Amino acid sequence: LSDRLTSTFRNLRTRGRLSEADIDATIREIRRALLDADVAVPVVRAFTGTVRERALSAEVSGALNPAQQVVKIVQEELVAILGGEQRPLRFAKRPPTVILLAGLQGAGKTTLAGKLGLHLRERGHTPLLVAADLQRPNAVTQLQVVGERAGVPVFAPHPGVQETAAGLVGTPGDPVGVAREGLAWAQERQHDVVIVDTAGRLGVDAEMMQQAADIRDAVDPDEILFVVDAMIGQDAVTTAQAFAEGVGFTGVVLAKLDGDTRGGAALSIASVTGSPVMFASTGEKLTDFEVFHPDRMASRILDMGDVLSLIEQAERAFDAEQAAKMAEKLVGGEDFTLDDFLVQVQGLRQMGSMKKMLGMLPGMAQMRDAIDSFDEREVDRIEAMVRSMTPAERANPKIINGSRRSRIARGSGTTVTDINQLLERFGQAQTMMRQVARGGGVPGMPGMPG
Ligand code: GDP
Ligand code: MG
């Protein structure tokens, strides 16, 4: 999405005054870019309509730089769709604040319960998670595991209830009762926030909606968060509408935004429901969680500047400093050692930490895939192997004979085959570096797969 919009705007920027035809051509491009990004058709229509109207108005034609005005309008309208200002959680005047999670099965509710619990705990709250999903086998256990990781207590169905592969046995599953009891328990123990995890189905169905509505009525939530898989594309709209009617919600959580390379679902859901996007879930780990900032998302969609600076940063991590140092060494007649090799491999870690950020950026799938092919664990392994070598071995790998290989493998928890592979890869990198030293070019990432 960004790519397309960027070039559209680049064309526009070269114009001094904008004719109606210029604006229409731009709007057509924006429409195409949004549709390609899987933004729902009615949303695209409304969006481009508003932008066109504003672009044709006096606010643009009277401006010094009309093209920039159009870009600004697009940005503002994107922010507006995404909910405008960042919308914080509304806490109850009298605790506990009750947060109900609703959404389809697999959307990411249970995972989110843990993330939100951790987020709140880190901010001095004392949340309680309530396991009111009694539908799916293991749902209760899953919440307990998530809660334990987050350091947040979990209220689960009565101790008499046994969970088996066949579901819950003991008392009949009563999610409404569990929710009610969970709330009472929280009041007693003075938890200031209660997060109620509910069941979902694969598709929208009346029974599930009714159950969620019954839980809602039982606990009278301060916030109902609709958790939606950002990857479901056009389906997002119908699902969101069904939940809006069946249960109602006060905010949206975009889950799996790490996998959404096109950025379209965020726009559609936010636009159709008119509810603010409050949080984003960006991975399977507890810390893959963000407070959602509409303006930042809009800028990310529009502006490649962010991406470019990230890429530059990564390039700097390798090139500028290290390549210069390395080149100096090599030109000075010194050889490329295993220590040098390790430094290069470690540079990849910085790329790894950029991965998530890139995932947030629509249209960055390719870049992310490239980084994906570097395995963090591989870097760890290489590091362990090099660290298990003596300084003499690192400086002069030729002396690493069979018995040294076994020793290094033992020391680093790897196998002799791993050591052989490392040395082979190092040999290739060394050859390449020697060529570079002779030719004076800047190395890429020698020795890495992919
Ligand atoms: P629920 O059925 O709505 O409770 O969904 P879960 O929390 O059980 O999540 C379903 C699956 O999606 C699990 O395998 C999670 O690990 C995964 N998941 C949840 N949130 C995210 C996310 O933000 N990114 C990714 N990549 N996976 C997620
Ligand atoms: Mg769940």
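Q: What makes D220 count as exposed or buried in this predicted model?
A: D220 has 10 other C-beta atoms within 10 Å. The cut-off for exposed is 12 or fewer, so D220 is exposed. You'll find D220 in the loop between α9 (206–219) and β7 (223–229).

Q: Why is A244 called partly exposed?
A: A244 has 15 C-beta neighbours inside 10 Å. Buried takes 20 or more and exposed takes 12 or fewer, so with 15 A244 lands in between and counts as partly exposed. A244 belongs to helix α10.

Q: How do you know which residues A244 is in contact with, beyond its neighbours within four places in sequence?
A: Contact needs C-beta atoms within 7 Å. On that test, A244 is in contact with F249 and T273. A244 and T273 are 29 residues apart in sequence, but their C-alphas are 7.2 Å apart. That 7.2 Å runs from C-alpha to C-alpha, whereas the contact cut-off is for C-beta atoms.

Q: How is the packing of α10 and α11 described?
A: Two packed helices are described by the angle between their axes and the distance between the axes. For α10 (residues 235–246) and α11 (residues 264–273), that's an angle of about 30° and 9 Å. The crossing is right-handed. On the α10 side the contact is made by A236, V237, A240, Q241 and A244, and on the α11 side by A265, S268, I269, V272 and T273. These contact residues include 7 nonpolar, 3 polar and no charged.

Q: What makes V196 stand out in the largest nonpolar core?
A: That core has 89 residues, and V196 is one of those touching the most other members, along with V130, A131, V228 and L254. Leaving out residues up to four places away in sequence, V196 touches V98, I99, L100, L101, V130, A132, A179, G182, I215 and V219.

Definitions and conventions: Residues numbered from 1 in each chain as written. Chains lettered and ligands numbered in written order. Predicted model: local features only at pLDDT ≥ 70, side-chain atom pairs only at ≥ 80, totals over all residues. Axes fitted to C-alpha atoms, helices over the stretch in contact; angles between N-to-C directions. Helix = DSSP H or I, 4+ residues; strand = E, 2+ residues; numbered from the N terminus. Left-handed = near helix turned anticlockwise from the far one by under 90°. Contact = placed C-beta atoms within 7 Å. Nonpolar A, V, L, I, M, F, W, Y, C, P; charged D, E, K, R; others polar. Core = buried A, V, L, I, M, F, W, Y, C linked by C-beta atoms within 7 Å.
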